[in-house]
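Please look over the model below before reading the notes. The points that follow go through helix packing, the chains and their contact.

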Amino acid sequence: MTQLIASEVTLTFGGLHALSNVNIAIEPGLITSIIGPNGAGKTSLLNCISGFYHPTKGKILYGQRDLTHASPHQVSSMGIARAFQNLELFRGLSVLDNLLLARHQNLRYSLLHAIIYYGKAARVEAENRAFVEKVIDFMELELYRKKTVGNLSYGVQKRVEVARALTLAPKLLLLDEPMAGMNIEEKEDIVRFILDLKKEWGITVVLVEHDLGVVMDISDRIYVLDFGEIIGSGSPKDIAANSKVIEAYIGED
Amino acid sequence: MNNSLSKNSDLLAKFSIPQLLRWRVETSGDKVALREKDFGCWNCYTWNHYYDFVRKTGLGLRKLGLEREDKIAIISDNIPEVLYIAIGAQAVGGISAAIYQTSLPDEIGGILEYLNVSIVFCSDQEQVDKVVEVRDRLPQVKKVIYEDPRGMRGYRSDDWFMSIEDLYKLGDALHLEDPALFNALVDQGKPDDICHLCLTSGTTGLPKGAMLTHRNYINMGHQLTEVDPLDETDEYVSFLPFAWIGEQMNSFGVAMATGIAVNFPESVETSMEDLKEIGPHFMFGAPRIYETIRSQIWLKMDESYWLNRLFYRYFMKIGEEAAVYRMSGRKMPGGLRFLSWLGKQIIFRPLVNQIGLLRLRRAYTGGAALGPELFTFYQALGVNLKQIYGQTEIVGIAYMHRDGDVRPDTVGKPLPGTECRISEEGEILSRSASVTPGYYKLPEKTAELLEGGWLHSGDAGYIDEHGHLVVIDRISDVMHTANGDMFSPMFLENRLKFSPYIKEAVIFGDKREFVAALINVDPIVVGKWAEDKGISFSTYMDLSVQPQVADLIREAVLKINRNAEKPHFQIRRFALLYKLLDMDDGELTKTGKIRRKFVREKYNDLYEALYDEQITEKRVEANYQYQDGQTTTVDTTIHFYTMEEEK
């Protein structure tokens with residue numbers, strides 16, 4: 001069963017077509033990558049899925065539910081989380097606080113409970129922390145738990161960004177260029193995290209990434225966008241042999 | 001406490017390690033024995049829990065076919081399961097052995113073949129992968145047990161692998177079948193059985209497996225605490241590699257003999273943070289650890305505000321004066337005692353607390369020599385740092401400093417129950433209940449090692465007028481200049497390394513006219529210095545070729561030359577190496593010692609240029625290997641500097 005379907009999605013800003021008639025299907029438990037040159041509409045597509053933009057035309061279905069006009073918080077409560085290309089973290093807070101805060105929508109207790117902080121509130125907070133610790137362990141952030149995010153290196157901040165998305169316990173994870181600006185070693189780490197996410201936690205991953213080597217290595221399925229249109233899709237093997245894709249990336253002879 | 005221990009000393013001598021563990025359960029079963037940080041929490045395990053896990057693993061291993069004297073190898077970070085597996089195997093008559101986590105697959109294969117290992121324990125997928133790589137060579141390995149299931153999904157269908165949880169289940173099932181079996185097996189153990197094979201790192205060739213008995217370890221732990229008593233309530237943080245005798249000394253020897261708690265950090269990277277949270281009462285480490293902590297302190301002070309720096313500078317002088325009294329056990333004059341107390345309250349207690357050493361009663365260093373200045377530094381801070389000296393073959397310790405008698409240039413006096421003497425050739429010999437019966441499968445080496453019933457250390461040394469042992473160097477490492485003057489390269493290297501700007505140094509000069517050095521600048525301290533001075537640089541290589549950096553190092557060398565005891569100790573020429581010496585490149589041993597021959601051959605071009613005083617610079621090709629195995633070659637220019645003759 002397909003987990004997420006975008007059909008005929010078109011997004012226009014005035015006269016500019018950011019996306020035109022885009023059709024994609026995300027299969028559960030797989031890594032689906034979206035690649036394409038700069039300005040091809042990759043991030044716009046993620047924005048449509050996560051509710052930041054609403055498609056001008058077309059439909060986005062998540063299971064049986066219609067996401068086309070859902071707001072970001074509705075999308076996230078359905079189990080879709082996103083790690084941003086430009087880090088969206090509280091730079092002045094510690095890693096731990098950033099992650100705890102990201103789970104605010106799982107905290108269901110009243111103001112009164114919070115004031116007394118006994119029984120339910122304490123229990124919920126403890127569960128919350130336990131889950132966050134699981135994520136910290138998974139993303140190997142133990143050393144940075146109590147460090148202020150703003151003081152960490154870019155590579156580590158990126159990891160925290162992915163961790164922040166993970167604390168929502170998503171079923172579908174949207175990763176927008178998680179490896180941009182990283183060195184080889186940091187990239188290898190992130191690749192391992194993504195593969196483990198799929199294998200150990202069974203999370204479906206949608207990956208927007210520029211590093212073709214990585215994409216070809218780890219994706220189960222790839223969509224190629226160019227000027228807002230899908231120009232190719234299939235397994236990494238198919239994509240490598242697709243002449244339209246090669247043309248879009250390397251140009252004509 | 002001391003009383004009860006000495007009362008127990010006869011008792012201790014009768015036990016094997018698992019029997020001693022059982023005795024701890026009987027006498028203080030509910031006391032915390034182990035603690036591990038996991039998911040941000042410190043989880044406690046009492047002696048009861050400890051013994052339960054040991055029973056589970058022991059019986060599980062037996063079910064897997066581990067017979068008496070079968071070997072089990074451990075390749076793991078520091079986690080409690082290492083002890084469960086090792087002591088569990090020992091309880092059913094097996095022999096444990098530990099391999100460094102940094103070992104490459106080929107090395108691991110070689111060691112597993114040599115020790116004829118039948119079961120391997122790995123902490124995680126990283127280690128399992130290495131064993132899998134050499135699987136074809138290892139028909140005798142029946143099972144690979146892993147602790148962390150992460151990333152093991154792909155291996156699950158293959159029954160060569162087993163999770164530790166499944167091992168526990170096997171053990172529990174066997175215990176249910178035959179509840180008396182485990183105790184009976186533990187009873188069969190004798191103190192003089194071999195319980196562990198400790199690989200000696202050795203600066204050359206394949207490692208040798210020193211066979212160590214239960215008595216070897218327990219005696220060591222007992223004798224150490226005869227000198228420096230420990231309470232059951234004391235804490236120890238386990239962060240040294242388990243393959244090193246230094247860690248086994250504490251977790252097998254000291255912890256079992258005294259009942260202290262062993263704490264396991266959350267991960268290798270966080271061990272210094274976790275140390276801060278535990279605040280251990282004693283610690284043990286290679287000189288490198290103390291050098292790193294000192295650099296941290298210097299950086300902390302450097303970044304602190306002016307008043308702190310002022311206090312630090314002033315009270316450091318006071319502290320150094322007071323340290324001289326404290327180390328020699330003499331009474332301080334009243335004024336100095338007051339100022340030293342004041343300094344402790346104002347600056348040193350908070351400073352030491354920030355690193356987590358406030359509760360520390362004693363810190364030991366061993367494995368290699370530590371610069372005398374470091375002792376003064378730590379003693380001035382109020383940290384009681386002492387040297388110990390010994391070999392793997394005598395469970396790591398034969399000599400140690402006593403409180404109030406810390407002489408920085410010596411390694412102290414023999415442990416109680418240890419006989420020591422210097423052979424006619426100047427070699428240090430020892431004899432005690434902790435000396436190994438020999439090397440596994442190497443009768444010739446064993447005969448050499450234990451010739452005449454004494455343990456031959458291979459180190460040159462002498463006993464000074466205070467009865468302290470002074471270690472010069474490896475007998476094979478002592479060098480002579482062309483004039484026949486003797487010098488120890490390691491001694492001079494340590495001198496150089498006392499400069500905060502120098503991370504590592506290699507001294508040459510055997511059969512040459514003078515002493516010369518290849519120097520690694522310290523990337524952190526010199527990097528910070530360069531930043532402060534507004535000197536821009538990109539990589540370590542770039543930093544090393546800055547002329548200002550060379551001037552900085554020249555000054556440091558000049559200072560050392562001025563203080564040289566003998567004229568031929570002076571360093572005439574030096575060059576700054578473009579890369580840090582590294583274990584992965586084979587330049588250092590696993591314990592961080594320099595592999596001289598290898599370094600000399602690898603950098604032969606530089607060596608020749610050091611001894612050609614005409615050469616001031618030379619272009620060389622630098623080969624780099626990244627962690628992922630890629631290599632690149634970079635062209636760089638190395639400068640050579642000649643020191644002016646000092647009169």
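1. At what angle do helix α13 (residues 306–328) of chain B and helix α15 (residues 372–381) of chain B pack, and how far apart are their axes? The angle is about 100 degrees and the axes lie 7 Å apart. Axes here are lines fitted to C-alpha atoms, for helices over the stretch in contact, and angles run from 0 to 180 degrees between N-to-C directions. α13(B) and α15(B) are therefore roughly perpendicular to each other (angles under 35 degrees count as roughly parallel, over 145 as roughly antiparallel, 65 to 115 as roughly perpendicular and the rest as oblique).

2. This is a predicted model, in which local features need pLDDT of at least 70 and side-chain atom pairs count only at pLDDT 80 or more, while totals for chains, interfaces and linings use all residues. Residues are numbered from 1 along each chain as its sequence is written, with chains lettered from A and ligands numbered from 1 in the order in which they are written.

3. In α13(B), Met316(B), Gly319(B), Glu320(B), Ala323(B), Arg326(B) and Met327(B) meet Thr376(B), Gln379(B), Ala380(B) and Leu381(B) of α15(B). Contact means that the C-beta atoms, placed from the backbone, lie within 7 Å. By class, this contact has 5 nonpolar, 3 polar and 2 charged residues (Ala, Val, Leu, Ile, Met, Phe, Trp, Tyr, Cys and Pro count as nonpolar, Asp, Glu, Lys and Arg as charged, and the others, Gly among them, as polar).

4. A second pair in chain B is helix α9 (residues 214–227) and helix α10 (residues 245–258), packed at about 70 degrees with axes 7 Å apart. α9(B) and α10(B) are therefore also roughly perpendicular to each other. Their contact has 9 nonpolar, 6 polar and no charged residues.

5. Chain B has 22 helices and 28 strands (DSSP runs, helices being H or I of at least four residues and strands E of at least two, numbered from the N terminus). The C-alpha atoms of chain B fill a box of roughly 80 × 65 × 55 Å along the principal axes.

6. Chain A has 10 helices and 10 strands. Its C-alpha box is roughly 70 × 40 × 35 Å, again along the principal axes.

7. The mean pLDDT of chain A is 89, and 98% of its residues reach 70 or more (pLDDT is the predictor's confidence in each residue, from 0 to 100). Within chain A, confidence is lowest in helix α10 (residues 243–250), at a mean of 78, and highest in strand β8 (residues 204–208), at 94.

8. The contact between the chains takes 12 residues from chain B and 14 residues from chain A. The chain B side has 1 nonpolar, 5 polar and 6 charged residues.

Note on methods:
Two residues are in contact if their C-beta atoms, placed from the backbone, lie within 7 Å.
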